[in-house]
Amino acid sequence: MTLTFHKTDIQRIFDHCAAGLPNESCGMLAGRDGAVEKVYCMKNAKPGPDYYEMDPEEQFRVMKDIRDAGLQMIGLFHSHPTGQAYPSSVDVAQAYWPGTQLPNYPDAVYVIVSLMDRSRPVVRGFSIEEGKVTEVALHVL
Amino acid sequence: MAIKVRIPTPLQKLSNGKAEVECSAQNIKELVDALERDYPGMKERLSEGGKIRRFINIYINEEDIRFMNKEDTLLKDGDTISIVPAIAGGSCQV
């Protein structure tokens, strides 16, 4: 499993995450076969420096937009303003249906942007399944 | 009264692999009970103490039930219900 981005898409993600500081930022990645075709920069409905939650109405609208475009939701991104680009225990817990280890979005890569060094953001991708976090290679074209 | 329900991937084991099911209900509470009758285990996945679980979003057509009458929101023939897990997380440690 890999995820391929255009350089401009990665830059859009970095810009959105930087604009959201000091809070976390989030969004969705739509595409096909691991290739990101569209980046949705979204609102953090519960903004905090260590928390994000997508706005349910926007989440629904974006997921519908992705389906209508014939694409799939292949990734979710969010920032860690002062943390590593690695899923936290909250990220892992939220990736599952409440009270289970059933992944909510088994086909999505969880992309995390660390802004610990704001001039040099670090981005990494992970799959979170059945209690296991596995790094997914990100390729930038 | 036929209501279409879109079942998210993590619950499709309970719905025998079906991504969409039909049931009959007057409101969301009844819908959860109807799903439980047809697909045992659904109620516990969807609700806790009679309320829809915190990180589960339920939409009637395109409207979030939180902005309507929550579990008491009335349904009508032909409505489509989407059950969608919320997307949240963050670097906080709990």
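Guide: Two strands count as paired when DSSP finds at least two bridges between them. The model discussed here is predicted, and that rule can be applied where its two chains meet.

Visitor: What makes β4 of chain A and β8(B) a pair?

Guide: DSSP finds two bridges between β4 (residues 52-53) of chain A and β8(B). The rule asks for at least two, so the strands pair. They run antiparallel, and A:Glu53 stands opposite B:Ala88 in β8(B).

Visitor: How many residues of each chain are in contact?

Guide: In chain B there are 21, and they touch 27 residues of chain A. On the chain B side, two or more residues come from each of β5 (56-60), β7 (80-85) and β8 (88-89). The most come from β5(B), which gives three. By class, this side holds eleven nonpolar, six polar and four charged residues.

Visitor: Why are β2 and β6 of chain B called edge strands?

Guide: Chain B has an open sheet of five strands in the order β2-β1-β7-β5-β6, with mixed pairing. Its edge strands, β2 (20-23) and β6 (63-64), each pair on one side only.

Visitor: Why are β5(B) and β7(B) called paired?

Guide: Five bridges join these two antiparallel strands; the rule requires at least two, and therefore they pair. In β7(B), B:Pro85 is the bridge partner of B:Ile56. Helix α1 (residues 28-38) of chain B lies across β1 (3-6), β2, β5 and β7 of that chain, running at about 110 degrees to β2(B).

Visitor: What makes β5(A) mostly covered?

Guide: A residue is buried if 20 or more other C-beta atoms lie within 10 Å of its own. Seven of the nine residues of β5(A) are buried, so the strand is mostly covered.

Visitor: Which strands pair with β5(A), and in what sense?

Guide: β2(A) pairs with β5(A) in the antiparallel sense over six bridges, and A:Gly27 stands opposite A:Phe77 in β5(A). β6(A) pairs with β5(A) in the parallel sense, also over six bridges, with A:Ile112 in β6(A) as the bridge partner of A:His78.

Visitor: Why is the crossover from β5(A) to β6(A) called right-handed?

Guide: The chain passes from β5(A) through helix α3 (residues 89-94) of chain A to β6(A). With the strands pointing away from the viewer, a path over the helix that runs clockwise is right-handed, which is why this β-α-β crossover has that name.

Visitor: How many residues lie between the strands in the hairpin of β2(A) and β3(A)?

Guide: There are two, and A:Asp33 takes a positive phi near 50 degrees in this hairpin. Seven bridges join the antiparallel strands β2(A) and β3(A); A:Arg32 stands opposite A:Ala35 in β3(A).

Visitor: Which residues of the largest nonpolar core touch the most other members?

Guide: They are A:Leu29, A:Leu76 and A:Tyr110, in a core of 33 residues. Among the elements of chain A that each supply at least two residues are α1 (7-19), β2 (26-32), β5 (72-80) and β6 (109-114). β6(A) provides the largest share, five residues. A second, separate core has 19 residues, including B:Ala25, B:Leu35, B:Tyr39 and B:Ile83.

Visitor: Which residue of chain B does A:Leu76 touch?

Guide: Leaving aside residues up to four places away in sequence, the residues that A:Leu76 touches include A:Met28, A:Val111 and B:Ile87. Contact requires C-beta atoms within 7 Å, so A:Leu76 and B:Ile87 meet that cut-off across the two chains.

Technical notes: Residues numbered from 1 in each chain as written. Chains lettered and ligands numbered in written order. Predicted model: local features only at pLDDT ≥ 70, side-chain atom pairs only at ≥ 80, totals over all residues. Core = buried A, V, L, I, M, F, W, Y, C linked by C-beta atoms within 7 Å. Buried ≥ 20, exposed ≤ 12 C-beta atoms within 10 Å, placed from the backbone. Helix = DSSP H or I, 4+ residues; strand = E, 2+ residues; numbered from the N terminus. Nonpolar A, V, L, I, M, F, W, Y, C, P; charged D, E, K, R; others polar. Axes fitted to C-alpha atoms, helices over the stretch in contact; angles between N-to-C directions.
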